[in-house]
Amino acid sequence: MDDMLLQVEPLIPALRRYARALVRNAAAADDLVQDCLERAVSRWHQRRDNDPRSWLFTILHNLAISQFRQSTARGKHIAIDETNENEFGRSAEQEQQLMYQDVLNKLAKLPDDQRAVLLLVAVEDLSYADAAKVLDIPIGTVMSRLSRARERLQQEIEGTAVDASRNVVKLRSIK
Amino acid sequence: MNNRPITEEDLHAYVDCVLEPERRVVVDAYLNSHPDVAKRVGAFADQRDVLRAALAPIADEPLPPKLNLSRIIQQSPRGRTSPAWWAIAAMLLVSIGGFGGWTARGSMQASPSGLAALAQEAANSYNVYASDHVRPVEMRATDSAQLVQWVSNRLHRPVRVPDLTTSGYRLMGGRLVATAHGPAAMFMYDDDHGSRLVVLTRPMSTDQNAPMIPQSRDDVAGFTWADGGMGYSLVGQTVAESLRPIANEVRRQARAI
C-alpha cells in the first residue's frame, strides 16, 4: 500500500478542488472525495493505467454524477455554499475575491457536463484524451463540449446569456 | 502540414497551452491577422486564468482528518488483511490467546470493571467526541488552567494534563465524562495530520495499580493502566503498538505529579 500512498496522496488537493467546483458545497464535496479514496484503496489492484490521476478523477466524477442523479430522483437538495471568503481563500484582496466569486457563480450556471469538461481541462490540466476517459465520451465530444462551455461562460460574463434564469432554476433542482 | 486550416480544436489547444510549438507559431500568425478571433481566444484564455486563480486556494487548504489517506488505508478491509497485519494479529493471538481468553470471556459477559471498564470508557469517549468536528472538547487548550482546576475538583484528585508535544500531538482541550464509576477527565490531542488521541483518567476502585495492557476494539486501540489509585487510558484510531511510547510518556508524567 506504500506505492498507493505515494502516488495518490499528492492528488488529493486537486480531487477536492474538482469536487468542490462541481458540487459547490464544501462538506458534500469532501464526502465525495472520501468515498473516492475509499474506493481507490479497495480497488487499487484493479487499475489499468500506471498513472492513477485520470483513474481517480473517473471514480470521483462517477460518484458525483450518481449523487446528482440520486438527489434529483429523491428531490433532495444539497445547499449551495454561500460564497464567502472562507470558501475560496482569504489571502487575496477583496475586490479580486469578488471577481473570482462572480466568475464561479457564472460557471455554476453551465450545464454539469460542460462544467465538468471545462474544469478537467482548464483547471486540472487533464489532456483531452484523459478528459474523454474520465467522462467516458469520445474525444470529439470533449472538444465540442469544451467549446460550448467556453462560449457559454463568455456569454454569462458579458451578460449576453439567454434564458439565464431558467438555467439557474434547473441547476438548483439538480442539486 | 502547417498549411492545414486553423480549426476550432487548434484554438482551444492554443488556450490550453497544449499545441505543438510549430503549430502554435501558425496559430499566432493567424490570430494576428484575425482580430475578432484573437479577441475570442483572448477571452477564453482570461477565463482559464481566472478559474485557475479562483479555485487554487481550495487545493491549499489543509486536509480534514477524514481525507487522511493513511487512515483510510488502515481502515479498509484490504489494508487490514495486508501481510504485516496478519503477522501482528498472529503474534497477538499467540501471546494472549491461551492465557487471556478466559479473562476476556469473563469481562465480556458481565459489565466490565477495573481496567477493562476504563478501557471501554476511553474507547466510547473517543468514538463520541473525537469524531465531533464542531465541538470535540468543552474547554479548549487555551483555558487549560481552568480545565485542570475543574476536573481536579470533580475527581477530588490533582490531575495534570499530559504534555504530548514531544510526540507531535497538541492539546486540543478536554471535558468531564460520565462513567458508571463516576466522573472521568478526558483530554484530546491532535497532530499535524488531524489524527486525534484521547486520554481518559479517573479514580479506580478496583485495579488501583495495574500494569499497562493493550486494547483494541473496532478501529480504536490503545493502552490502559493504573497507578496509585488513578486509572489512565490512551486511545486513538491506530494500531495499539504505535501508541506505546506515548502511553509510556503519559505514565511517566503522571508519576511525576
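Biologist: What makes β3(B) and β4(B) a pair of strands?

Modeller: β3(B) and β4(B) are joined by 6 bridges and run antiparallel. Two strands pair with at least two bridges between them, so β3(B) and β4(B) qualify. One of these bridges links B:Met188 to B:Val198 of β4(B). This is a predicted model.

Biologist: How many residues lie between the strands of that hairpin, and which residue takes a positive phi?

Modeller: There are 5 residues between β3(B) and β4(B), and B:Gly194 has a positive phi near 85 degrees.

Biologist: How do you know that β4(B) also pairs with β7(B)?

Modeller: The test is again at least two bridges. Strand β4 (residues 196-203) and strand β7 (residues 230-236) of chain B have 7 bridges in the antiparallel sense, so they count as a pair. B:Val198 has B:Val235 of β7(B) as its bridge partner, and B:Thr201 is bridged to B:Tyr232.

Biologist: What makes β4(B) mostly covered?

Modeller: In β4(B), 7 of its 8 residues are buried. A residue counts as buried when 20 or more other C-beta atoms lie within 10 Å of its own. For chain B, with 257 residues, the buried share is 29%.

Biologist: Turning to chain A, why are α7(A) and α8(A) called roughly perpendicular?

Modeller: Helix α7 (residues 128-135) and helix α8 (residues 139-158) of chain A pack at about 100 degrees, with their axes 8 Å apart. Angles of 65 to 115 degrees count as roughly perpendicular, and therefore α7(A) and α8(A) get that name.

Biologist: Which residues make the contact, and of what kind are they?

Modeller: From α7(A) come A:Tyr128, A:Ala129, A:Ala131, A:Ala132 and A:Leu135, and from α8(A) come A:Ile139, A:Val142 and A:Met143. These divide into 8 nonpolar, no polar and no charged.

Biologist: What makes a set of residues a nonpolar core, and how many residues has the largest one?

Modeller: The members must be buried, of the listed nonpolar kinds, and joined through C-beta atoms within 7 Å. The largest such core has 53 residues, and those with the most contacts inside it are A:Ala19, A:Leu60, A:Val117 and A:Ala131. Elements giving two or more residues to this core include α7 and α8 of chain A and α3 (35-60) of chain B. Another core, of 44 residues, lies apart from it, with B:Met186 and B:Leu197 among its residues.

Biologist: What does A:Val117 touch beyond its neighbours within four places in sequence?

Modeller: A:Val117 is in contact with A:Ala131, A:Leu135, A:Val142, A:Arg145, A:Leu146 and A:Ala149.

Biologist: How many residues does each chain give to the contact between chains, and which element of chain B gives the largest share?

Modeller: Chain B gives 30 residues and chain A gives 35. On the side of chain B, α3(B) supplies the largest share, 13 residues. That side divides into 17 nonpolar, 6 polar and 7 charged residues.

Conventions:
Residues numbered from 1 in each chain as written. Chains lettered and ligands numbered in written order. Predicted model: local features only at pLDDT ≥ 70, side-chain atom pairs only at ≥ 80, totals over all residues. Helix = DSSP H or I, 4+ residues; strand = E, 2+ residues; numbered from the N terminus. Axes fitted to C-alpha atoms, helices over the stretch in contact; angles between N-to-C directions. Parallel < 35°, antiparallel > 145°, perpendicular 65-115°, else oblique. Contact = placed C-beta atoms within 7 Å. Nonpolar A, V, L, I, M, F, W, Y, C, P; charged D, E, K, R; others polar. Buried ≥ 20, exposed ≤ 12 C-beta atoms within 10 Å, placed from the backbone.
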